[in-house]
Amino acid sequence: MHKLDWELYLLPFEQAVEEIKVKIKNIRNELRKRKEHSPIEFAVGRVKSIPSIYNKANRLQFPIDENICWEIRDIAGIRVIAGIRVICQFIDDIPAVVEMIRNRGDMRVYLEKDYVSTPKESGYRGYHLAVEYPIMMAGGQVTIPVEIQIRTLGMNFWATIEHSLNYKYEGIIPSNIRQRLFEVAKASYKLDSEMNNIRDEIKDAQAEFTKKEVPMESLLSLVELDLDVDAAMDEGSMNERTEEENDKR
């Protein structure tokens, strides 16, 4: 078995992530320019680090070769090398985004996992889609598996905190803290639900802010800029630990 040229092997995954991010952001921008509610607040994406790929391959006991991206998909379910995260304001925005992705002609959904209505044991919520995405490379078209996670701001905040604690405790969070995290997850979902119940009032208020030229867009842009910088390697490396723990749960 020849040694993989990782820089070359991961290139189409990086391209797929960038293309999908741009397309998702274009949907958001178009809806906002139409003065319509956008279910998409922002989108971020990344490709697994090489050490993380090796760790997963060793843990699941399969060879590292050109088919590794599909082997990870087949053995580890929805966990793939390239990932996109779409953040929404409201719970009801999540199925809207899911439907948008299902209806796209430039990608095919092959697996879905609904952790919104059926959360994980840890309390985690989110909706996960695995898609096959074709891209054009110098040698022709290749199809890349990409995972798309869809969460509310509240769900994403909780997942980020859990991820930090997993990193601190090396994947073994003390039972008392894990229980408190679970309770926080329930409280966060209750808040999401209440916000969802008054979403029309919130949307009307945001429209009024826009008319009065309150710099809401500037604030959102700053948040997106901070979260969408691909050079933020800390987030990438820490997310790998979270994925490993999700596989174990």
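Ile-135 counts as buried because its relative accessibility is 2%, where buried means under 20% relative accessible area, exposed means over 50%, and partly exposed lies in between, with a 1.4 Å probe and protein chains only.

Residues are numbered from 1 along each chain as its sequence is written, and side-chain values use heavy atoms, with hydrogens and water left out.

The predictor's confidence in each residue is given as pLDDT, from 0 to 100. The chain has a mean pLDDT of 82, and 74% of its residues reach 70 or more. Among the elements of the chain, H5 has the highest mean pLDDT, at 97, whereas helix H10, covering residues 233-248, has the lowest, at 51. Where pLDDT is low, the predicted coordinates should not be read in detail.

Thr-143 lies in strand E5 and counts as partly exposed because its relative accessibility is 34%. Val-184, for its part, is in helix H7, and with 45% relative accessibility it counts as partly exposed. Met-155 belongs to helix H6 and, at 5% relative accessibility, counts as buried. The table gives a C-alpha separation for each of these residues.

| Residue pair | Separation along the chain | C-alpha to C-alpha distance |
|---|---|---|
| Thr-143 and Glu-132 | eleven residues | 6.2 Å |
| Val-184 and Gly-123 | 61 residues | 8.4 Å |
| Met-155 and Arg-125 | 30 residues | 6.1 Å |

What is the phi of Lys-35, which is not a glycine? The phi of Lys-35 is positive, at about 65°. Lys-35 lies in the loop between H2 and E1, and this residue is exposed, with a relative accessible area of 74%.

The interior can be described through its nonpolar core, a set of buried Ala, Val, Leu, Ile, Met, Phe, Trp, Tyr and Cys residues joined through side-chain atoms within 4.5 Å. The largest nonpolar core has 38 residues, and those with the most contacts inside it are Val-86, Val-146, Ile-148 and Ile-150. Two or more residues of this core come from each of helix H1 (6-9), H2, strand E1 (42-47), strand E2 (82-88), H5, strand E4 (127-137) and strand E5 (140-152). H2 provides the largest share, with seven residues. In soluble globular proteins, nonpolar side chains tend to be buried together.

Within H5, the buried residues are Asp-93, Ile-94, Val-97, Val-98 and Ile-101. Seen down the axis of H5, these residues fall within an arc of 140°, and so they line one face of the helix; the arc is that of the directions from the helix axis to the C-beta atoms.

On a 1 Å grid over the protein atoms alone, a cavity is a set of points where a 1.4 Å probe fits but cannot get out, and its lining residues have an atom within 4 Å of a point. Grid points are joined across faces, edges and corners, and a volume is the space filled by probe spheres set on the points. By this rule there are two cavities of 30 Å³ or more.

The largest cavity holds about 80 Å³ of space, and its lining includes Ile-20, Lys-23, Val-86, Val-97, Arg-104 and Ile-148. Helix H2 (11-33) and helix H5 (93-102) each supply at least two residues of this lining, and the largest share, four residues, comes from H2. By class, the lining of the largest cavity has ten nonpolar, no polar and two charged residues, where Ala, Val, Leu, Ile, Met, Phe, Trp, Tyr, Cys and Pro count as nonpolar, Asp, Glu, Lys and Arg as charged, and the others, Gly among them, as polar.

The second largest cavity holds about 70 Å³ of space. Its lining residues include Gly-123, Arg-125, Met-155, Trp-158 and Asp-192. Helix H6 (153-168) and helix H7 (175-197) are the elements that give two or more residues to this lining, and H7 gives the most, with four residues. By class, the lining of the second largest cavity has five nonpolar, three polar and two charged residues.

Conventions
On a 1 Å grid over the protein atoms alone, a cavity is a set of points where a 1.4 Å probe fits but cannot get out, and a pocket is an open set with protein on both sides within 12 Å along at least five of seven lines; lining residues have an atom within 4 Å of a point.
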